[in-house]
Each structure stands twice: as structure tokens, then as C-alpha cells.
Amino acid sequence: EQIPGSANRQFRVPGGGGDLVQIFYLRHTESDQDLNETATVIRGVGDFRWIFTYPSPKALIVRGTAGQVALATWLCNELDQPVNRSPSGARNHISATYECRLPGRSASDRAVRVFYLANAEPLRDLMEFSRLIRGITDIRRAFATQRPRALVLRGSADQIEMAEGLYSELDNPANWQPAA
């Protein structure tokens, strides 16, 4: 059953226990790799069982609960940005924290935040930053994307707050010392 007012992109799954199918058309995603990275982030952060990509129109199709689809909508809006443009609503290259309401999740595992890295140029730096944040904060769900250069985290509010402090220090060239 199609949901009214959803621009033909969201459907209820018949006999699916309330599951929805949502189709996202990513306007600023340039490559199949970018599309697959976005799908991987959304799958991992949102605990999706079903997520598919359709490369020709750069479409991402998800099936999940209303809470999962809402989280996927927010993440698509955060990650599908034009090149060389700060994401909407991002201050200091940090998105607002999104509170995801996923079935069976406690408050200790439902804060989601996107950090846009201005100074992690090569992929190696981005992956190292992700590994460092994950290890120090004990966040189990941390995903990096190359375009935009972003780190997407899901954990407790305290873990996200600690990650924000680390991000502010480590992605700031004013704190870097030249090599001796």
C-alpha cells in the first residue's frame, strides 16, 4: 500500500508487521562507490536487514520499521551533499544529534551524530580517525565515508559527547605540531 503524500517513494509492506519501504534518490552522490558507502553506513547505523542500491538513478531502497526509515531519511539528508558545501544545519562541521528510536534499543545506544572532517585528507587519515574515536569512546557503531569526508557514530549521549571533544581537538590544524 502506497502512503499518501510521500511522492510515490514510500510504501507499506502488506503483511509486513508495519514495515515500510522507502526509496531515496541521492542527487549529489556521484559514484557507485559513494552510493555503496552510504548504504553501508545506513545499514550499520540503523540495523537494517534489507537495504538495496540501484546505481542508474542513484537510488537507495530500505525496508524497516518507521523508526529505521526515519533514521535513514535523516542520514540520507546528512550524507547526500553537494561537493564543497557544508551540510545543512551543520555548525562547525558537526550535525545535530539525532535520537533514533529503534526497537529493542536502550537510551545507551540511540544517539547518532555525523562529524564532517575538514582536515582528514587521505582515506588513511579518515580511517585512522574512525579507529581512534571508536577505540577511545568504546562506540561500537562508527562508519567513515569518503564523500563527504564524514564519521557517523551511534552510541550513548555520553559517548557522542566524548567523541565531539576528541573531534574538536583532532580535526583542528591549530593543535598540530610540525614534525621534528
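Mentor: D138 sits in the loop between helix 3 (123-137) and strand 7 (141-145). A helix here is a DSSP run of H or I with at least four residues, and a strand is a run of E with at least two, numbered from the N terminus. The model is predicted, so local features need pLDDT of at least 70 and side-chain atom pairs pLDDT 80 or more, while totals for chains, interfaces and linings use all residues. Residues are numbered from 1 along each chain as its sequence is written, and side-chain values use heavy atoms, leaving out hydrogens and water.

Trainee: Why is D138 called exposed?

Mentor: Its relative accessible area is 58%. With a 1.4 Å probe and protein chains only, buried means under 20%, exposed means over 50%, and partly exposed lies in between. The value for D138 is over 50%, so D138 counts as exposed. D138 also has a positive phi, about 65°, although it is not a glycine.

Trainee: Why does K58 count as buried?

Mentor: The relative accessibility of K58 is 15%. That is under 20%, so the residue is buried. K58 lies in the loop between strand 3 and strand 4, and it has a positive phi of about 55° without being a glycine.

Trainee: How do you know that strand 3 and strand 4 pair?

Mentor: Two strands pair if DSSP finds at least two bridges between them. Strand 3 and strand 4 (residues 59-64) have 5 bridges, so they pair, in the antiparallel sense. T53 stands opposite L60, and Y54 opposite A59.

Trainee: What makes strand 1 and strand 3 edge strands?

Mentor: The open sheet has 4 strands in the order 1-2-4-3, with antiparallel pairing. Strand 1 (10-12) and strand 3 (50-54) each have a single partner strand, so one side of each has no neighbour in the sheet. From one strand to the next, the twist averages 15°.

Trainee: Why is T38 called buried?

Mentor: T38, in helix 1 (residues 32-46), has a relative accessible area of 5%. Since this is under 20%, T38 is buried. Setting aside residues up to four places away in sequence, T38 touches L26, L60 and L79; to touch is to have heavy atoms within 4.5 Å.

Trainee: What is the angle between helix 1 and helix 2?

Mentor: The two pack at about 145°, with axes 10 Å apart. Axes are lines fitted to C-alpha atoms, for helices over the stretch in contact, and angles run from 0 to 180 degrees between N-to-C directions. The contact is made by T38, V41, I42, V45 and G46 of helix 1 and Q68, L71, A72, L75, C76 and L79 of helix 2.

Trainee: Which classes of residue make up that contact?

Mentor: It has 8 nonpolar, 3 polar and no charged residues. Ala, Val, Leu, Ile, Met, Phe, Trp, Tyr, Cys and Pro count as nonpolar, Asp, Glu, Lys and Arg as charged, and the others, Gly among them, as polar.

Trainee: How do you know that strand 7 and strand 8 pair?

Mentor: They run antiparallel and are joined by 5 bridges. The requirement is at least two, so strand 7 and strand 8 (residues 150-155) pair. A142 stands opposite L153 in strand 8, and the two strands form a hairpin with 4 residues between them.
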